[in-house]
Amino acid sequence: MAPALAAVLTAALLTTVTAPPASAAPIARTTTLVSLPTGVIDPMTSNGSFAGASDDGSRVLFMTTGRLTADDAESTYQDIYQRSGSTTTLVSGATEIADPGNGTVLFRGASSDGSRVFFITDQRLGSADNDLGYQDVYEHAAGATTLVSQPTGVADPNSGGVTFAGITKDGTRAFFTTTQKLTADDTDSGRVDVYERSGGTTKLVSAPTGVADPNTGAAGYGGVSRDGSRVFFGSTEKLTSDDTDTNRYDVYERSGGTTKLVSVGSGAPDTTSSVQFVGSNEDGSRVFFNSTEAIAPDDNDTSRSDVYERSGGTTKLLSAPTGVADPNSGPADGVHLSHDGSRVFFQTNQKLTPNDTDTNRYDLYERSGGTTTLITTSTGIADPDSGDVLVGTPYGGVSPDGGRVLFTTTQKLTPEDTDTNRYDVYARSGGTTTLLSAPTGVADPNTAEAELQGMSVDGSRAFFTTMQKLSPADADANRVDVYERSDGTTTLLSGAAGLADPDTDAAYYGGATADGSDVYFITTEKLTADDADAGVDIYAADGAAIPGPGGQTPDPGSGQVPVPAPGTGDTTPPALTGYALSPNVFRAAAGGASVAQRRPLGTRVTYRLSERATVTFRVERAAKGRRWVTMRGRFSHAGKAGPNRFRFRGSLRGRRLRPGLYRLRARAVDAAGNASPIARKPFRVVRR
């Protein structure tokens, strides 16, 4: 039941928000084709796959064998492309040398803003690559492709391939593993080591401190703190003097040029069993691992896998019971974390609290403040005791503050679940369990499973796939479609725009932006008029908040889901131009409404519209790692055709913005529901 390490690390590195909202405002979505060529004719037959997107959706990355730009020298091997605005550019091209066009590239990661893209290939794409066809890690940034997996201070040994391991959120530090000696301090004989590339220099991560390199085993990458200052890896080697076991797999931390042992006991002897790294909080001060050994005095079971935390020089048992005796009947694993590490979630089939009334079913528990709490329990009905709960990717997830948990199960956990033991998606928040994969506007067809695929960072938007018709807009014959659940409403995402649903194939989820406003999926169906090929394409369900009556966005918790006024065949989105803030550095008002006509504080917002529309504004806050976090709350302005202006007071949801760097995001929606592209302008709030 343990999730893959990559999934755990992904969950541990999401952006922190203050608290997940109970619901998210509705969104008007438009289906747009992403995998379009620029400057060449559509190759017609190529297949594509979604790779990733920047947090704000301004850059979308995908892979395809098709030649979509003139600088792609071949049309046989897979390449990585980026779509930004209305332009497609080749990402995996060569720099300084001719593109050899003789191998495939595979996407491996990107910075949160999409400006740095990492991939692996055995092609030579730069003059620094001097080996003979081994797999290497490359980065594409600022229009250039550079070799990541290159040596520093030694000659390229040209003796083996390289495996991509991970990156920091801003992409400035990349990690990889290899048997090659890429630095002078790597003194073992062909063992797998962990390396870091940053600032144009390669450094050995899995190096010993205070002891000689034992040259007895390999090292495996675990994870990294958000700023990259702490790197975690595992090895059977003795890399510090306080590692006293006999070749057991341990967890180590590398920071400040020093290696430290993490998986050490408190009040118990050094473990005689191997341990497995499962994650860390954002700053790396709390590290979590699994072990079957009792390495804390309160671990009373007999060699069961347990979850431990190492912080402040102490190791603590987390998978402990509360209010009942330790049943000593099963393992605990499948760990998810809140960003600060104060809330830890794990799976087990043991009964660890009195209200767990099923018979050895797998449940999700939370450990916080020294107390264990059952998460995956029913609301409004008795526990059916009929199946396990799935939480590991892609079946579930946890919001950054741990306040909202999504999971999948065949059990009926709420009265509104009326199907017959189908897999459904649920959420647990505020002590209540809610069914997410429920129909809206149609009866539950009870014909197929629903599988969670992803969610917005705060968990307010859940994305899942199913063959069932859960919305009147789903017009195909039991094809797999992508749906969203937010604000108590289920919406079809993989529908056609401007033409009838072709009903020829399935659609599969690819990914979403951090706030869930843009969702990506793949299909062979022709869903827009500009899709001219017969291959697999990448589409986006681009979103904008739907304004309510009077140009005001409804309260996300009100249950109001307004529908745009009926159109007259209008499919042209409004043009929002001339968007500006003057000044862009200002003091914020003390609070109250965000929009004011007369006020000395704040800034003047101006823009032009091609037609009457409601413009919805959201505030994005600058965070660490060059990341932008969308703040809760929004406000709207009823715009007329032509020039518009109003004063933004620097407040949101009745509260003054704190000093710092922000962006004001704008999107216009006309009466027919057509949405303009998103526009953004930066501003800075200074102290009063």
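The structure holds 16 salt bridges, a salt bridge being a side-chain nitrogen of Lys or Arg within 4 Å of a carboxyl oxygen of Asp or Glu. This is a predicted model, where local features need pLDDT of at least 70 and side-chain atom pairs count only at pLDDT 80 or more, while totals for chains, interfaces and linings use all residues. Residues are numbered from 1 along each chain as its sequence is written, and side-chain values use heavy atoms, with hydrogens and water left out.

To start with the overall picture, the protein has one helix and 50 strands; these are DSSP runs, H or I of at least four residues for helices and E of at least two for strands, numbered from the N terminus. Of its 688 residues, 55% count as buried, meaning under 20% relative accessible area, with exposed over 50% and partly exposed in between, for a 1.4 Å probe and protein chains only.

Back to the salt bridges. E253 pairs with R230, with the closest N and O atoms 3.9 Å apart. E253 is in strand β16 and R230 in the loop between β14 and β15, 23 residues apart. At 8% relative accessibility E253 is buried, whereas R230, at 28%, is partly exposed.

R286 forms a salt bridge with E309, closest N and O atoms 3.7 Å apart. R286 lies in the loop between β18 and β19 and E309 in strand β20, so this pair ties together parts 23 residues apart in sequence. R286 has 26% relative accessibility and counts as partly exposed; E309 has 4% and counts as buried.

In the bridge between D385 and R361, the closest N and O atoms are 3.1 Å apart. D385 is partly exposed at 22%, and R361 is partly exposed at 24%. There is also a network of salt bridges linking D56, D515, E620, R663, R665 and R680.

Next, the cores. The largest nonpolar core has 24 residues, and those with the most contacts inside it are L576, Y579, F617, F648, L664 and F683. Such a core is a set of buried Ala, Val, Leu, Ile, Met, Phe, Trp, Tyr and Cys residues joined through side-chain atoms within 4.5 Å. Another core, of 13 residues, lies apart from it and includes I120 and Y195.

Five bridges join β31 to β32, and L452 stands opposite F464 in β32.

Terms used
Two strands pair if DSSP finds at least two bridges between them.
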